[in-house]
Amino acid sequence: MAKPSKIVSNEVLILEERIRQQKSETYPDLSDQDFFLINSTDTVLRLKGLSGRQVEDGIVDGSDDGGIDAVYLFLDGQLVEDTSEKSHGESPQLELEIIQAKYESGFKEVTLQRLLDHLPLLLQLDESAALGAEFNPRVLERFQSFRQTYLSVASKFPELSINIRYITKSPEDPHEKVRAKASRLERQVTSLFHGSRVSVELIGANELNSRARQRRATTSTLRLSEGPISSEKGGFVCLVSLADYFDFITEGDDRLRDEIFEENVRDYEGATVINRGIAQSLREGDASVADFWWLNNGVTIIGKRVQPSSRRLQIEDPQIVNGLQTSRNLYHYFHGLSRKDNETPASHGELRQLLVRVIETQDEEIAAQVIKATNSQNRVSAASLRSTEPFQRDIEEYFQRHGLYYERKKNHYKNLQKPRAQIVEVLELAQAVGAVLLQQPNVSRGTPSALVRGKLYERVFSTKTPLAAYLNCLLLVRTVDEFLAKNSGMGGRHDRSNVRFHLARSASAFALTSSRPRPKSLTELDLSVLTPQFLLEVYGWVIDARDRASKVVGTVDPSVLAKGAEWVAQIDRQLSRYTDKSRWPKKLAP
């Protein structure tokens, strides 16, 4: 008599069907395991609002991964993406997220044992060269970023949280032996950092489905000290206690709601004169003779709909478009109080007030005008208006005509479940332009966030650059990525990341027989010349340039070379010698 088939729980069936549907819509070519890793990571870190690219960049899964599938580091709620300098407050918060996700039906002791064996080594602040023999470069790079960031804020005694999440599609609670190992891992990691908060979370199908159902609230409540003043054309001016404003910009465990600052044109600028002045005003407390709003310009909030109700405003999709420095300082101050003195914001911020302007509009042109006007006092350039800049909308419309979705607003198309391969993020485009048009592949690899800040941003997103040049830069890098992925002899994902931008920069030069292709010539780039054979020849030429750079710098570390200036100098120097078409290498002719 045949054994009856095992009944699959409803939660597992729901999970598997959700995974199947979302995979077919967004990542149809991925394996079930690879998509489960991306999807489950995105689900458990949903409140962080990571983009598709940011989720993918954190994946370290592969051989010699130490039992770790993905790693993410957050400083004051902001994802740390590269080695560029990060601004932080007086009481910095560091969160390290370590994820292991398996598309299997149970929790295993051996998975936690691998973490027990390897995490204490990787979390040592004194980096050991011997780790290179045990872990893949991607793992090492992620934990090196953690060490560098932690040490950079160590003098501020940062609040450190380390969250280790083991995710499966198990319908049942973990066995007591698995839970015992999880507790041991928690104790062992805690012992490495005195005063840190460490959690080991075992997440099965039930919890994963529950988190997938969670949605960020689109409407927020702002409590007012008095009834607001409104005008005939709409909008409100009001006073809000510092404690109530702190509640408005935080949620859960006093987590700063980064999503409501997405339209703000300025990053937090750290310990500037202005920020030190704001911090000093806050430290004077409610006993101060001067109210806070007397000394501060306040904040401006834009909402799609604003509904007043007594001493409250219900704001749909609020965006704080001016007042980031004030908001961040206020957050750091009150969060620091709760850490050091175990006091509440209410005990220090009920009497002092903040001036808040709330503007209701769904018109992007009006929103852009408000953002530009309210930030003009800080000398913010028009190019820094980011998603509201007309040129960014031009790129979005142009790309859409070519079957691509340009996410000038973070996660807009991701949330619409558009195929990941058709989504282009701002930073992805900036990296392509930085490598090909600016001829700075080392910046695209090492400090990509620099490309979307300040003067580099203005060079990357110049209205003088034809839209077709942007598209060709992107498609060139994607063609290079496809070529590298199909050639297993060129290494894994980390190895490819160290050559992709240098190869794209060089391939454009050879394809156009120009050492420094200009925007107009890039519009005329014939992508059909980028055949596998052509790219293979250019790849060999690029690696030769890297070998010469290695001898000059004195290191063979591909990551160090990719982020440094010497490899770029070798490429530029060699290309500059090809002064006319007759002198370009025949085997590299397009």
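The paragraphs below take up the cores, the ring contacts, the salt bridges and a surface patch in turn.

This is a predicted model, in which local features need pLDDT of at least 70 and side-chain atom pairs count only at pLDDT 80 or more, while totals for chains, interfaces and linings use all residues. Residues are numbered from 1 along each chain as its sequence is written, and side-chain values use heavy atoms, with hydrogens and water left out.

The largest nonpolar core has 65 residues. A core here is a set of buried Ala, Val, Leu, Ile, Met, Phe, Trp, Tyr and Cys residues joined through side-chain atoms within 4.5 Å; buried means under 20% relative accessible area, exposed over 50%, and partly exposed in between (1.4 Å probe, protein chains only). Phe399, Leu429, Phe461, Phe510 and Trp567 have the most contacts inside this core. Among the helices that each supply at least two of its residues are α13, α15 (426-436), α20 (500-512) and α22 (532-553). Helix α18 gives the most, with 10 residues. Another core, of 35 residues, lies apart from it and includes Leu119, Phe135, Leu160 and Val178. Helices (H or I, at least four residues) and strands (E, at least two) are DSSP runs, numbered from the N terminus.

The structure holds 17 aromatic pairs. Rings of Phe, Tyr and Trp (its six-membered ring) pair if their centres lie within 6.5 Å; planes under 30 degrees apart count as stacked, over 60 as edge-to-face and the rest as tilted. Phe107 and Tyr166 are edge-to-face, because their ring centres are 5.2 Å apart and their planes stand at 80 degrees. Phe107 is in the loop between β3 (93-101) and α4 (109-122), and Tyr166 is in strand β4 (residues 159-167), 59 residues apart. Phe107 is buried at 13% relative accessible area, as is Tyr166 at 1%. Phe391 and Tyr470 form an edge-to-face pair too, with centres 5.7 Å apart and planes at 65 degrees. Phe391 lies in helix α13 (residues 390-401) and Tyr470 in helix α18 (residues 467-486), so this pair ties together parts 79 residues apart in sequence. Elsewhere, ring pairs link Phe246, Tyr331, Tyr333 and Phe334 into a cluster.

Which residue lies over the face of Phe74? Lys48 does, at 4.6 Å from the ring centre. A charge sits over a ring if NZ of Lys or CZ of Arg is within 6 Å of the ring centre and within 35 degrees of the ring normal. The charged end of Arg257 is placed in this way over Phe248, 5.8 Å from the ring centre.

Salt bridges number 33 in the whole structure, each being a side-chain nitrogen of Lys or Arg within 4 Å of a carboxyl oxygen of Asp or Glu. Arg408 bridges to Glu396 with the closest N and O atoms 2.5 Å apart. Arg408 is in the loop between β16 (405-407) and α14 (412-415), and Glu396 in helix α13; both residues are buried. Arg516 and Asp572 form another bridge, at 3.2 Å from N to O, between the loop that joins α20 and α21 (519-523) and helix α24. Arg516 is partly exposed at 44% relative accessibility, whereas Asp572 is buried at 17%. Shared partners join Arg53, Glu56, Asp57, Glu81, Arg420 and Glu425 into one network of salt bridges.
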